[in-house]
Amino acid sequence: MRIAVVIPTKNEEATIAFVIGCATAEIKKLGHEVAAVIITDDSKDRTRAIATGLGAKVVIGEGKGLGFAMLKGLKASLAYNPDIILSMDGDGQSAAGEIAEYLAPVIRDEADMVLGSRFKDKDLVKYHYRLKNRIGIFILVRILRALTKLPLTDSHGGLRAMRPEVVRELEMIGTHTYVQETIIDTREKGFRIVEIPSVWEARQAGKSRVVGSIPLYVMYTLPVLILRSGQHIKFLYPLGAAFLACAAADLLFVFANSAFSLSQILENKSFNTFFLLMSFGMNFLFFGFVLELINSIKRRVDKI
Ligand SMILES: Nc1nc2c(ncn2[C@@H]2O[C@H](COP(=O)(O)OP(=O)(O)OP(=O)(O)O)[C@@H](O)[C@H]2O)c(=O)[nH]1
Ligand SMILES: [Mg+2]
């Protein structure tokens, strides 16, 4: 089989040679051909130079987030006509020795995408995993379970295997939502997803590039997750309509209490509340409308 490996990197000069070396050696040891190693890169250090020297193709990530970079890298891997595409973090946290276990469900035709879970068995995380990360994963997993109806136990495993069909059809809305949107999109399109237990080593060097700031991460991911859940239709429109109805009621109240005299209406304090309620109502409706517009564009792109 021909296996392509796509590795996202942001300043991983300390580990990239090790990661490329381990992945290619493992794939060859299993009797497969390495179709290509692709670095989807947003680095200011020597990561690109090192990867190029080792024969990897470098796809520039353009600094628009991991999601954008990965989508570009995965699509680029299709040019090498691989039978299976692996994605693997560039910081050495994923164990290349597990590659066979990721390929197996695809080769046995039991899965189209194989995800790794660091929480499916005990003691898979080999270092002190911070509480704030655990809480974040706990929340994200619950959201993903609700959206996909899959019994997932992790959202952020660093190693994945995918059929090229999955990658060919993959489209994402967000630029920072690679881990979540790939699962949601793959599931929506009817592909089979399997989760296997997977070891998670400590970062070999540097520090986390993805979750630098939790508020920023939430800002990037929350609208995309609301959009993909369809909750904007369920909640934003009714919420907007409810606020507008309250605004209308408030206005009637103001009119009735001011004997329909313009000067008294303007002096009535409840008149300010009317503007507040109306502004909330319009904002909820507008946000819902924009999200639905993005959703309909995505559906059209998916069809194409
Ligand atoms: N091209 C590109 N790669 C990125 C970006 N952000 C992170 N990466 C890479 O994506 C991989 C995962 O990022 P990490 O920061 O290690 O995320 P994490 O593993 O969830 O966090 P830690 O457990 O703290 O390492 C690493 O190989 C990063 O170099 C980005 O914006 N662009
Ligand atoms: Mg990492």
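Good morning. In strand S3, Val58 stands opposite Ile39. The model is a predicted one, in which local features need pLDDT of at least 70 and side-chain atom pairs count only at pLDDT 80 or more, while totals for chains, interfaces and linings use all residues. Residues are numbered from 1 along each chain as its sequence is written, chains are lettered from A and ligands numbered from 1 in the order in which they are written, and side-chain values use heavy atoms, with hydrogens and water left out.

Let us consider the strands. Strands (E, at least two residues) and helices (H or I, at least four) are DSSP runs, numbered from the N terminus. Two strands are said to pair if DSSP finds at least two bridges between them. S2 and strand S3, residues 57-60, pair in the parallel sense over four bridges. On S1, residues 2-9, the pairing with S2 is also parallel and runs over eight bridges. Here Ala4 stands opposite Ala36 in S2. From S1 the chain crosses through helix H1, residues 16-29, to S2, and this β-α-β crossover is right-handed. By right-handed I mean that, with the strands pointing away from the viewer, the path from the first strand over the helix to the second runs clockwise. A right-handed β-α-β unit is likewise made by S2, helix H2 (residues 47-53) and S3.

How many of the nine residues of strand S2 are buried? Eight of them are, and the strand, residues 33-41, is thus mostly covered. Buried means under 20% relative accessible area, exposed means over 50%, and partly exposed lies in between, with a 1.4 Å probe and protein chains only.

Next, Gly61. It is found in the loop between S3 and helix H3 (66-77), and is buried at 1% relative accessibility. Gly61 and Thr40 are 21 residues apart in sequence, yet their C-alpha atoms are 5.6 Å apart in space. Not counting residues up to four places away in sequence, Gly61 touches Asp41, Phe68 and Ala69; contact means heavy atoms within 4.5 Å.

I turn to the metal. Which residues are the protein donors of the magnesium ion, ligand 2? They are Asp91, through OD, and Gln93, through OE1, lying 1.8 to 2.0 Å from the ion. Donors are N, O and S atoms within 2.8 Å of the metal (3.2 Å for Na, K and Ca); water is not among the atoms, so sites may look incomplete. Asp91 is buried at 5% relative accessible area, and Gln93 is buried at 7%.

Ser94 belongs to the loop between strand S4 (84-88) and helix H4 (99-107). This serine is buried, with a relative accessible area of 10%. Leaving aside neighbours within four places in sequence, the contacts of Ser94 include Met88, Gly158 and Trp200.

Two residues deserve a remark on backbone geometry. Most residues other than glycine have a negative phi. Asn11, in the loop between S1 and H1, has a positive phi of about 55° although it is not a glycine. Asp123 has a positive phi of about 60° and lies in the loop between strand S5 (113-117) and helix H5 (131-148). Is each buried or exposed? Asn11 is partly exposed at 28%, whereas Asp123 is exposed at 63%.

Thank you for your attention.
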